[in-house]
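Open your viewer, load the model and keep the selection tool at hand. We will walk through it one selection at a time.

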Amino acid sequence: MTIESILGAIVIGAVIGALGRLLLPGRQPIGWILTIVVGIVAALIGTAIAQVMGVATTDGIDWIELVMQVVLAVVGVGIVAGLKRGSRV
């Protein structure tokens, strides 16, 4: 692992996590670091699912893979926000 790949994962995770938060209605009581972590995990899982499904890798933006990653980020943000709300009782 190089510094570039780690920084790339953080940037992609931030973008995917932010998109997931924007698309999830309501307020989410999670911070930006947790949002980035959820985004990184969603990006990794989305890429793995796309590869298993045989989605072709292209030179440009892989839209199907991106949609999978964002949907997983929405689900992940929802789960983490729900867990955070439940722990405040």
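Which helices do the buried residues of helix 2 pack against? They pack against helix 1 (3-23) and helix 3 (63-86). Buried here means under 20% relative accessible area, exposed means over 50%, and partly exposed lies in between (1.4 Å probe, protein chains only).

Before selecting anything, a word on ground rules. This is a predicted model, in which local features need pLDDT of at least 70 and side-chain atom pairs count only at pLDDT 80 or more, while totals for chains, interfaces and linings use all residues. Residues are numbered from 1 along each chain as its sequence is written, and side-chain values use heavy atoms, with hydrogens and water left out.

**Stop 1: the whole chain.** Show the cartoon: there are three helices and zero strands, in the order α-α-α along the sequence. Helices (H or I, at least four residues) and strands (E, at least two) are DSSP runs, numbered from the N terminus. The C-alpha atoms fill a box of roughly 45 × 30 × 20 Å along the principal axes. Of the 89 residues, 29% are buried.

**Stop 2: helix 2.** Select residues 32-53. At 1.5 Å a residue, these 22 residues should span 32 Å, and the end C-alpha atoms, 31 Å apart, agree with that; the expected span is 1.5 Å times one less than the number of residues. Now colour the buried set: Thr-35, Ile-36, Val-38, Gly-39, Ala-42, Ala-43, Gly-46 and Ala-50. They cover an arc of only 155 degrees around the axis, so they sit on the same side of helix 2; the arc is taken from the directions from the helix axis to the C-beta atoms. Turn to the other side of helix 2 to find Ile-33, Leu-44, Gln-51 and Val-52 exposed. Just after the helix, click Gly-54, which takes a positive phi of about 80 degrees.

**Stop 3: the crossing.** Contact means heavy atoms within 4.5 Å; among the residues making it are Ala-9, Gly-13 and Arg-21 of helix 1 and Thr-35, Gly-39 and Ala-43 of helix 2.

**Stop 4: Val-15.** Finish in helix 1, where Val-15 is found. Is Val-15 buried, exposed or partly exposed? At 45% relative accessibility, Val-15 counts as partly exposed. Draw a C-alpha to C-alpha distance to Thr-35: 9.4 Å in space, across 20 residues in sequence.
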